[in-house]
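Visitor: I am new to this structure and would like to learn how its features are read. May we go through them in turn?

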Amino acid sequence: MLRIKNIFSQHADAWLFAGLLPWLLILRKPEPDWQAYGAQLLLLFLLLLPVLVFGWYRQRWLQQFSRKGYIICWLVCFCGALPLTTLILFRLQPPGLEGFYPVSCAMAALILELILITNASYRLQVQRIPLLQKISLENAVLITLVLISLTLAVMGVSSLHDPRYHTPEQLLIGFEFSIIKIVRYFGTFLSFFIQFLLMYLCGYFFFYINSRFLVLRVLKEKGVLWYILAAFATVAVCYPLIAQLLISLPVNHLLGAIFPDNPFKLENAFAALGILLFSLPVILAVQWTRQNSRILQLEKEKAGTELYLLKQQLNPHFFFNTLNNLYALSLQQSPQTPESILQLSDLMRYVIYKGQQPLVEIGEEVKYLEDYIQLQQIRLKKTLDLRFTQNITDPALQIPPMLLIVFIENAFKHGIEPAEENAFLHIHLECKAQQLYFSCENSFEGQAPAAPGIGLSNLQKRLALLYPGSHLLHTGAKNHTFKAELQLNRL
C-alpha cells in the first residue's frame with residue numbers, strides 16, 4: 001500500500017492527465033459506443049503521450065536538472081513533441097478524431113498545464129524557476145482566455161463559406177482548421193480574435209473584481225453578509241453596461257444573437273452572478289494555499305534561525321574547553337605545547353569554516369574527531385584505554401558538522417579528566433546505506449550527572465530540527481559506565 005501511495009504521489013501529474021482523457025470523448029457529440037470509445041481513447045493517448053511522459057518524470061527532472069535544463073525538457077514536450085503528434089493525427093484524420101479536434105485536445109492539455117503550474121503547492125516544487133513563480137491565478141486565467149479566443153477565431157474563420165456552418169442567417173463555429181482561409185481572411189481572423197477576447201474579458205472583469213476586491217477586501221475584512229451585498233451591488237452597477245457592449249459587437253449578430261437584445265434582462269445579471277459564484281471556491285482555495293505556503297516558509301525560516309543559534313552556542317563551548325587544555329599544557333611547560341597549538345589551530349579552522357556549512361563529508365568529521373582526541377590525550381596524566389572502531393562504506397556521505405563531537409567532549413569533561421585512576425573511552429562509528437550509528441562509552445567516578453549539560457541539550461534540539469522523526473538518541477549510566485548511542489536515518 002505504501003509503495004502504491006509513493007508511485008501516485010511521485011507521478012500525480014501523469015495520473016491526472018490520464019484521468020481527464022476520457023472527458024475529451026464524453027463531451028463529444030454524438031456519443032461513441034464502446035468500440036469507438038476504446039479506439040478513440042487509444043488515439044488520444046498517443047496524441048498526448050508527450051504530456052503524459054512529462055507528467056510522469058516531472059518530479060525527477062526537477063531534482064536532477066538545473067532551471068535551464070528543466071525548461072528545455074518542458075519546451076521539448078509541450079512545444080516540440082506535442083505539436084508533432086497533433087500534426088500527425090491532424091493529417092491522418094482517423095475516424096472519430098476528424099477535423100480540428102486533435103488541435104483542440106492539444107490546446108486543452110496545454111491549458112491544463114498552465115493551470116497546474118500556477119497552483120501554489122506546485123510552485124513550491126518549482127521554486128528554482130522564477131518565470132513560473134510570476135504566473136498568478138489571474139494571469140493564468142487571462143492566458144487561458146487568450147488561447148480560447150484564438151482557437152475560436154481560427155475555427156470561426158475556417159467555417160466561413162462552408163454550407164455546413166455558414167448560412168445567410170448565422171455562422172456556426174465548427175471543428176475546422178484551414179490555413180488557406182486564415183491567410184485569405186486574415187483581417188476577419190483578427191476581428192474575430194479581438195471580439196471573442198473582448199467577450200471573455202467582460203467575464204474576466206467580474207472574476208478579477210471578485211479575486212482582488214470582493215474576496216480579498218470585503219469577505220476577509222467585513223464578513224459573508226457584506227460580501228453577498230457587495231457582489232449584488234457590483235453586478236447591478238456593471239452588468240447593463242457590459243451587456244450593452246456585448247450586444248453591439250458585430251460577431252454577436254453574425255453568430256445569431258447569442259446575447260439578448262435588451263441589456264437589462266435578468267439572464268445577463270445571472271451570468272455575472274454565476275461567474276462570481278463559481279470563481280469563489282477557486283479563489284478561496286488559492287488564497288488558503290498561499291497563506292499555508294507562507295506559514296510553512298515562516299516555520300522553515302524559524303527552524304533555520306534556531307539551528308544557527310544552537311550552533312553559535314556550541315562553538316564557544318568547544319573553544320572554552322580546548323583553550324583550557326592549552327592553558328594546562330603551558331603551565332606544565334610541556335614540549336608538546338607548539339604541536340598542540342598547531343592542532344588547536346586546525347580544529348578551530350574546521351569549526352569556523354566547516355562548522356558553518358550545512359553538511360560535511362563523514363570522512364572530514366572523523367578526521368576532526370581524531371584530532372580532538374589526540375589533543376586531549378596529550379595533557380592526560382593517566383593511562384587511557386582508547387578504542388575508536390570505524391566501519392564506513394562511503395567516506396563521502398554527508399552529515400551536519402559538529403554533531404558527534406558533543407559525546408566525546410562530555411566523555412573527557414565528565415568522565416575521563418576527573419578520574420583518579422585509569423579510564424577508558426570506547427567509540428564505534430558505523431555508516432552505510434544512508435544510515436549512521438555512533439556509540440560513545442566511557443568510564444566515570446562518583447555519581448552520574450542528573451541532567452544533560454549544554455552540549456547534549458543543544459544536540460537534542462539540533463537533532464529535532466535536522467532529523468525530525470528519523471533519529472534515535474539514547475543515553476544512560478550503569479556500573480560507572482556512561483554510554484550514549486545515536487542513530488540517524490535517511491542521510
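Guide: Let us begin with disulfides. A disulfide is a pair of cysteine sulfur atoms within 2.5 Å. The model shown is predicted, and the structure holds zero disulfides.

Visitor: Which cysteine sulfur is nearest to that of Cys73, and how far away is it?

Guide: The nearest is the sulfur of Cys77, at 6.8 Å. A disulfide needs the two sulfur atoms within 2.5 Å, and Cys73 is in no disulfide.

Visitor: Does one call Cys73 buried or exposed?

Guide: The term buried applies under 20% relative accessible area, and exposed applies over 50%. Cys73 has a relative accessibility of 16%, so it counts as buried. Cys431 has a relative accessibility of 1%, and therefore it also counts as buried.

Visitor: How much of the protein chain is buried?

Guide: Of the 491 residues in the protein chain, 43% are buried. The accessible surface of the chain comes to about 27400 Å², and carbon and sulfur atoms account for 64% of this area.

Visitor: How many helices and strands make up the secondary structure?

Guide: The protein chain has 18 helices and seven strands. As for its contacts with a separation of 6 or more, 71% are between residues 24 or more positions apart.

Visitor: Let us turn to the surface. Which residues form the nonpolar patch?

Guide: The patch is formed by Trp15, Leu42, Phe45, Leu46, Leu49, Val53, Trp56 and Tyr57, and together they have about 690 Å² of accessible area. The elements that give two or more residues to this patch are α3 (34-47) and α4 (49-64). Helix α4 gives the most, with four residues.

Visitor: Where does Trp15 lie, and how accessible is it?

Guide: Trp15 lies in helix α2, residues 12-26. With a relative accessible area of 42%, Trp15 is partly exposed.

Visitor: How is a pair of aromatic rings described?

Guide: One gives the distance of the centres and the angle of the planes. The structure holds 14 aromatic pairs. One of them joins Tyr57 and Trp61: the ring centres are 5.6 Å apart and the planes are at 20°, so this pair is stacked.

Visitor: Why are Tyr57 and Trp61 separated by about one helical turn?

Guide: The reason is their spacing: they are four residues apart in helix α4, and therefore about one helical turn separates them. Tyr57, with 31% relative accessibility, counts as partly exposed. Trp61, with a relative accessible area of 15%, is buried.

Visitor: What is the geometry of the aromatic pair formed by Phe192 and Phe196?

Guide: That pair is edge-to-face, with 6.1 Å from centre to centre and 65° between the planes. Planes over 60 degrees apart count as edge-to-face. Phe192 and Phe196 both lie in helix α11 (residues 186-222), where they are four residues apart, about one turn of the helix. Both count as buried: Phe192 has 6% relative accessibility, and Phe196 has 4%.

Visitor: Which residues form the aromatic cluster?

Guide: Phe54, Tyr57, Trp61, Tyr70, Trp74 and Phe78 form one aromatic cluster. Tyr57 is also among the residues of the nonpolar surface patch.

Visitor: Finally, how does one read the backbone angle phi?

Guide: Most residues other than glycine have a negative phi. Asn479 is not a glycine, yet its phi is positive, at about 55°. The phi of His480 is near 55°, again a positive value in a residue other than glycine.

Visitor: Where are Asn479 and His480 found, and how exposed are they?

Guide: Asn479 is found in the loop between β6 (471-478) and β7 (481-489). His480 is likewise found in the loop between β6 and β7. Asn479 has a relative accessible area of 67%, so it is exposed, whereas His480, with 48%, is partly exposed.

Conventions: Residues are numbered from 1 along each chain as its sequence is written. This is a predicted model: local features need pLDDT of at least 70, side-chain atom pairs count only at pLDDT 80 or more; totals for chains, interfaces and linings use all residues. Side-chain values use heavy atoms; hydrogens and water are left out. Patches are made of residues with over 30% relative accessible area and no salt bridge: like charges are joined within 9 Å, nonpolar side chains (Val, Leu, Ile, Met, Phe, Trp, Tyr) within 5 Å. Accessible areas come from the Shrake-Rupley method with a 1.4 Å probe; for residues, only the protein chains shown count as cover. A salt bridge is a side-chain nitrogen of Lys or Arg within 4 Å of a carboxyl oxygen of Asp or Glu. Buried means under 20% relative accessible area, exposed over 50%, partly exposed in between (1.4 Å probe, protein chains only). Rings of Phe, Tyr and Trp (its six-membered ring) pair if their centres lie within 6.5 Å; planes under 30 degrees apart count as stacked, over 60 as edge-to-face and the rest as tilted. Contact means heavy atoms within 4.5 Å.
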